[in-house]
Amino acid sequence: MENYIVSARKYRPDTFDSVVAQKSLTTTLKNAIHSGKLAHAYLFCGPRGVGKTTCARIFAKTINCQNPTSDGEPCNQCESCRSFNQQRSYSIYELDAASNNSVDDIRSLNEQVRIPPQVGKYKVYIIDEVHMLSQAAFNAFLKTLEEPPAHAIFILATTEKHKIIPTILSRCQIYDFSRIEAADIIDHLQKIATKEGINTEHEALRVIAQKSDGCMRDALSLFDQMSSFTQGDLTYNKVIESLNVLDYEYYFRLTDFILEKKTAQSLLLFNEILNKGFEGNIFIEGAASHFRDLLVNSDTATATLFEGSQELQARYSEQARRCTPKMLFKAIRHCNNCSMNYRASRNKRLLVELTLIELTQMSDSDSDDSGGQRPKVLKPIFNRQQSVAAEQPANNNNAANRAISDTNKVPAHAPISNSNAEQAPATQKEQPKAPQHGRPAELQTRREHTTLGGMFRRSRSNIEESTANKQAEVAGRTENTVAQPPQATEKKKKITNELVSQAWTSFALNLPENERSLADRMKIMQPTMVDEDSFTIHVDNQMAAEIFDKESPRICKGMSKFLDGAIMRMTVKVNAVVVERHVSDRGKQFEILKEKNPLVERLRKELNLELSR
């Protein structure tokens, strides 16, 4: 059976033209070889698996090639090229600095540099992972790297350029390799699949390219793995099943739920994804990528940024037309905040579910001042709550209407000019009685006429007077019940020392992350009211007093939100307690500590501690 060679080694580039997605760097190296302007030291840096060591090998083989081609490529026919291809060349050395990082290894290298090459013109030293060298090894290498023999060329490769000392960087020509784009990886994998006779789908190769994160070596390893799993038939469904990748169908469904304000369905969708074994951060990061793809497909100018097939792009464009850019931007921001807080959260599932609730309750009319935080008023989530919430305002409105109508309702037969007459039932029958003291004769006569069932005719002036009195009474009653100013019914909350302390603590808790030092100081301080408009805080030193004097206007204005808009004055005082630093008596030291911080005594009592002697 023939020995199997992985694709990363079998299809490793052996010429500059076969290097993927590093055209500018390979062209520069070829021009330098063609013109004979070779530096004595090169530094190739960039992410893993982008071709640093491969380009170093091709460069070393080309400069020693005895018959290079016209376009600056090695001939692969001369003795130097054949010895390199067969890994028996004595003119090209590869050193792994991760395992040979001591000063003795570099000293041994310095001694070998003096020996000229046996075949070829140059002796090339490729040092991989050079950032792993120790400080002493770097210092021992400096002189040789700065003034090597004419036949020696050094090619250093690293993934972490920032770990290399500046004196080494200043002696090298630096080439920065970039990540390989997904389109280039897909094209390269398609060529290999054609040579190997493997059936592939474009979406399957796209998933592999995205999973590799710009690393060609990782992409080739995943390609070999998927070829073995699928028996030479790379389909999208098989690839996402093997690589544990969420299908984009879930995100299309999630977006539909968000557009339709279906909170319950989105939570059930997340539960379905959890049951399949996916973590919440994978789901939320995939959702952010989906909203990003929708955003770029919402405009033809940015549609080229989408990496996918034409069929999939058409589907993204169709759903993007139903979304507004503002809504997509808010969705991306919510998902990004959830992703950043996911690792620190203790209840990760609840964090993702809260994010889904926020997504389904978004609207373009929401203010952006919240910075992506949860909306101040949450809308009803489930259908039963929605029906109850819909019925309640209607019932309240009906009750209010009935109350107003009952208030304004006045019996037509009740006299308005006398309030005592209103209390008498209109249907009650009374016997004739003598006129009462203090009652007008007209009222007594009117009652007699009403009791006897006679017809009482008022003059035109009496009717106008009665109508005017009725309108005035109704207007006064309405003003007292409906149009009464809130200042007359609501009492202003009295500011107490407890309320000031709560406002002080609330302001400290709402400070941003970059002002944690100020917040921590405020949490351990206790304000004391002086009068209704001012309070005092005590600090231990003058520096702290200057800080709080400077922050006083902002603190008082921020506390007003928790004090019904009342703005108080803050006075800063420095404690007069002088701590004796050179007291030998332990009891006196403890008394000083108690005076400075009463919590020390509480700690002693709770832990049942005693002073040592």
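Okay, let's start with helix α17, where the buried residues are Leu351, Val352, Glu353, Thr355, Leu356, Ile357, Glu358, Leu359 and Thr360. Before I go on, keep in mind that this is a predicted model.

So what covers those buried residues of α17? The cover includes α12, residues 248-259, and α13, residues 263-275. It also includes α14, at 280-297, and α16, at 325-342.

α17 covers residues 348-360, so with 13 residues at 1.5 Å a residue it should span 18 Å. Its end C-alpha atoms are 19 Å apart, which agrees.

Now zoom in on Thr360, which lies in that helix, α17. Its relative accessible area is 1%, and the cut-off for buried is under 20%, so Thr360 counts as buried. Who does Thr360 touch, if we skip residues up to four places away in sequence? You get Phe257, Ile258, Lys261, Lys262, Thr263 and Ser266.

Next stop, the sheet. We have three strands in an open sheet, ordered β8-β9-β10, and the pairing is mixed. Which strands stand at the edges? Those are β8, residues 528-531, and β10, residues 569-574. Each of them has a single partner strand, so one side of each has no neighbour in the sheet. On average, neighbouring strands here are turned by 35 degrees against each other, ignoring direction.

Let's look at one of those pairings. β9, residues 534-539, runs parallel to β10, and six bridges join the two.

Last bit: Ser80. You'll find Ser80 in helix α4, which is residues 79-85. Is Ser80 buried or exposed? Buried, with 4% relative accessibility. Leaving out neighbours within four places in sequence, Ser80 is in contact with Asn64, Cys65 and Val119. The Asn64 one has a polar side to it: a polar atom of the Ser80 side chain sits 3.3 Å from the backbone oxygen of Asn64. And for a sense of distance, Ile92 is twelve residues from Ser80 in sequence, with 9.9 Å between their C-alpha atoms.

Technical notes
Residues numbered from 1 in each chain as written. Predicted model: local features only at pLDDT ≥ 70, side-chain atom pairs only at ≥ 80, totals over all residues. Heavy atoms only, no water. Helix = DSSP H or I, 4+ residues; strand = E, 2+ residues; numbered from the N terminus. Expected span 1.5 Å × (residues − 1). Buried < 20%, exposed > 50% of the residue type's maximum accessible area, 1.4 Å probe, protein only. Contact = heavy atoms within 4.5 Å. Pairing = 2+ DSSP bridges. Axes fitted to C-alpha atoms, helices over the stretch in contact; angles between N-to-C directions. Polar contact = N/O pair within 3.5 Å; in protein donor to acceptor, adjacent residues only side chain to side chain.
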